[in-house]
Amino acid sequence: MLKWLLLIAAGYFLYRLVTNEARKKSKDDKKQKEEMVATGEMVRDPICGAYIDANGGVTVRDGDKTYRFCSYECRDTFLKQLESGGREIPAREEKDAE
């Protein structure tokens, strides 16, 4: 009987140890992400809301404003929304090779 109690107590102790570390890591990751957003190192995708690196990802320029996306699918959705809202997307100019 004493063996079972010790085994259960050891199992409970290990369970608490692992779950506490996971919770602590989750809080640290969230805090780090909030700091990166606050300093401008990360921006939010306007379509899906994912946070991405401010210097990377897929971009679309609209005048002076630059939109950043996590994927080409989000970018295409954004462009379709612009077109359906009455804004015309300018065609790409392809340079002729001479």
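In which helix of the chain is confidence lowest, and in which is it highest? Helix α1 (residues 2–38) has the lowest confidence, at a mean of 80, and α2 has the highest, at 88. Confidence here is pLDDT, the predictor's own score for each residue, from 0 to 100.

**Before selecting anything**

This is a predicted model, in which local features need pLDDT of at least 70 and side-chain atom pairs count only at pLDDT 80 or more, whereas totals for chains, interfaces and linings use all residues. Residues are numbered from 1 along each chain as its sequence is written, and side-chain values use heavy atoms, with hydrogens and water left out.

**Whole chain**

Colour the chain by pLDDT: the average is 79, and 87% of the residues score at least 70. Then select residues 93–98, where the pLDDT is below 50. Beyond near neighbours in sequence, this stretch has zero contacts in the model, a contact being heavy atoms within 4.5 Å.

Switch to a cartoon view to see two helices and four strands, arranged along the sequence as α-β-β-β-β-α. These elements are DSSP runs numbered from the N terminus: helices are H or I with at least four residues, and strands are E with at least two. Of the 98 residues, 14% count as buried; buried means under 20% relative accessible area, exposed over 50%, and partly exposed in between (1.4 Å probe, protein chains only). Among contacts between residues at least 6 apart in sequence, 17% join residues at least 24 apart.

**Helix α1 and the residue after it**

Select α1, whose 37 residues reach 54 Å from the first C-alpha to the last, close to the 54 Å expected at 1.5 Å a residue. The expected span is 1.5 Å times one less than the number of residues. Move on to Gly40, which follows α1 and has a positive phi, near 85°.

**Helix α2**

Select residues 72–84, the 13 residues of α2, which reach 18 Å between the end C-alpha atoms, close to the 18 Å expected. Show the side chains of Cys74, Arg75, Phe78 and Leu82, the buried residues of α2. They lie on the same side of α2 because they cover an arc of only 100° around the axis, the arc being that of the directions from the helix axis to the C-beta atoms. An α-helix has 3.6 residues a turn, so residues three or four places apart point the same way. The buried residues of α2 pack against β3 (58–62) and β4 (65–69).

**The nonpolar core**

Select Val58, Val60, Tyr67, Phe69, Cys74, Phe78 and Leu82, the seven residues of the largest nonpolar core. Such a core is a set of buried Ala, Val, Leu, Ile, Met, Phe, Trp, Tyr and Cys residues joined through side-chain atoms within 4.5 Å. The elements giving two or more residues to this core are β3, β4 and α2, and α2 supplies the largest share, three residues.

Centre on Phe69 in strand β4, which is buried, with a relative accessible area of 0%. Beyond four places in sequence, the contacts of Phe69 include Pro46, Ile47, Val58, Val60, Cys74 and Phe78. Tyr67, with the same exclusion of neighbours within four places, is in contact with Pro46, Val58, Thr59, Val60, Asp62 and Phe78.

**Cys70**

Finish at Cys70, in the loop between β4 and α2. Cys70 is partly exposed, with a relative accessible area of 38%. Its C-alpha atom and that of Asp45, 25 residues apart along the chain, are separated by 6.3 Å. Leaving aside neighbours within four places, Cys70 is in contact with Asp45, Cys48, Ala50 and Ile52.
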